[in-house]
Amino acid sequence: MSPPVELTGVGASEGIVVGPAHAHLEGEVEPERTRIPEGSFDEELARFRAAVEAVAGRLRKTGENLSGSLGEDEAAIFEVHAEMADDPELLEGVEGRLRGLESPESAVLAVGEEYARELAALEDEYLAARADDVRDVARQIAVELTGGGGTGLEILEALTVPSVILARNLAPSDTARIPKGMALGFVTAGGSRTSHVSIMARSMGIPAVVGVGDALEAVLDAESVALDGGEGRVVADPDPKTRAAFDLLRARGEEERAGLDEYRLVEARTRDGRRIEVAANLGSASGAEEALSWGAEGVGLFRTEFLFMEREELPTEEEQYEAYSAAARAFGTRPVILRTLDVGGDKSLPGVQQPREENPFLGWRGIRMSLDVPALFVPQLRAILRAAAHGNLKVMFPMVVDSGEFRAAKGMLEACREELEADGVPAGPVEVGVMIETPAAALGAAELAREAAFFSIGTNDLVQYTLAADRGNEKLRHLQGADHPAVLELIRMTCEAAGEAGIPVGVCGEAAGEPDMIPRLVALGVTELSMGPPSIPGAKKIVSGL
Ligand code: PEP
Ligand code: MG
């Protein structure tokens, strides 16, 4: 028997697991071939038809297989998707483009996108929400055409066996669709420690190895996988000896973690008496109790966009109010910093229309989008102000580059407060802070500090924008650390400005939970560290030893 295949990547979320593998091949498809040679129309049309048949057939079969475990309504979704795949209009659109010598894989993505946009623009909420389904189906056909078909095209929502998910890339909206308890771990070809898949994994407390690169292709048909999320090691179809070795490592890891338990409830203080608050990064109120049990002294970053990713449509003001109030109540007098929607970059929200952008991370993201779309921003601000009556809520804005943007956002918040007061709706006080995650904000920190109640440094983006290195690109690992001198200098400037203005300065990027970075951040003057909850006891231990 040949030895099991082993891959290495970035250890993105600690923990050891051995379990069934589930290959998830959805995600972006970038067809390598966009044109076809003259005279190949008939042949390419036949290929397209065969791909449609394969995808539609697979979708129907998945629906049938799952109708017992999922229920008729959910299984019927697969039938609807199959109908989208063999829709005559889709065929017609693709045929037209093939005549213009566009490749079928490129054509199906383009036609799918056109339909999706038409659907998204409709008044009818149900139909508008189908836009992503059309994109999904077009993507599946493109994958089939480019030879990737056959494995794992089932939608993650349909997972019924807890599994380790193998994927080229996982977007936050993909991970949000996985039913609770069904993801045992993640292995991705792309990504880094600060990609959102890693952040999600850490906050879900499940092991992840990212950035394994093209080597992933060799293990996509594995039946089981052993994974060490600390060391970045993956073994496909492990033999009994390997399984036993991983079991031993898991037992040791659990012992080590138990050794940190005494730090959970400690108030972290350096040996010379500087108090450093250690808080949690959360993406939902349901994680609050667990975060408190890890020893969170508050929430340093509540990613509000994560709350709504698993849904089909945008939340109403009322739903947001409920969610934010629940978080506020769970933490009582402890602060909970809500970050307003940070959509764009690699994060999409169903119900938010995002244009296709050449450079999404340099695009219409975060506060830029919120300021442009009051229909998105105002209900969120109103919900935050109303929820603030139930606890110690603070608010901060993402992706700010200067005090003009910050003032505009604060102005909208104040207008919302006046409106609520005029209507006699109770609202609570909120401190307003700013995320420092663009080099411009760090360079302008002295001015921003005069207007902000606090700073929170988002090192994930600050690193990518300072070093011009995509935070999710596995080839740029050497440019993804917050320990680069240029990044440290921007952090130092931010801390200095905060110190002079007498406002607190936290770090809520992944660097806040990294053992090597904690001493540096504390030395530079950071007053709060916010991280995935499982990292809290270890961080408190490190601070206590400084
Ligand atoms: C950051 O950029 O460091 C941050 C905390 O925000 P996000 O990771 O959600 O972009
Ligand atoms: Mg950010």
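1. Let's start with Arg-303: in this predicted model, an N or O atom of the Arg-303 side chain sits 2.8 Å from an oxygen atom of ligand 1. Arg-339 also reaches ligand 1 with its side chain, at 2.9 Å from an oxygen atom. Thr-459 uses a backbone N or O atom instead, 3.1 Å from a ligand oxygen. These are polar contacts (N or O pairs within 3.5 Å).

2. Ligand 1 sits in the largest cavity. A cavity is a set of points on a 1 Å grid where a 1.4 Å probe fits but cannot get out, and "sits" means more than half of the ligand's atoms lie within 2 Å of those points.

3. Helix H8 (196-204), strand E10 (299-303) and H18 each give two or more residues to the shell around ligand 1. H18 gives the most, with three. Helices are DSSP runs of at least four residues, strands of at least two.

4. Now the magnesium ion (ligand 2): its protein donors (N, O or S within 2.8 Å; 3.2 Å for Na, K and Ca) are Glu-437 and Asp-461, 2.0 to 2.1 Å away. Glu-437 is in the loop between strand E13 (431-436) and helix H16 (439-443), and Asp-461 is in H18 (residues 459-466), so the pair links parts 24 residues apart in sequence. Both are buried (under 20% relative accessible area, 1.4 Å probe, protein chains only).

5. Some housekeeping: residues count from 1 along each chain as written, while chains are lettered from A and ligands numbered from 1 in written order. Local features need pLDDT of at least 70 and side-chain atom pairs 80 or more, whereas totals for chains, interfaces and linings use all residues, and side-chain values use heavy atoms, without hydrogens and water.

Conventions: Buried < 20%, exposed > 50% of the residue type's maximum accessible area, 1.4 Å probe, protein only. Polar contact = N/O pair within 3.5 Å; in protein donor to acceptor, adjacent residues only side chain to side chain. 1 Å grid on protein atoms, 1.4 Å probe; cavity = no way out; pocket = protein on both sides within 12 Å on 5 of 7 lines; lining within 4 Å.
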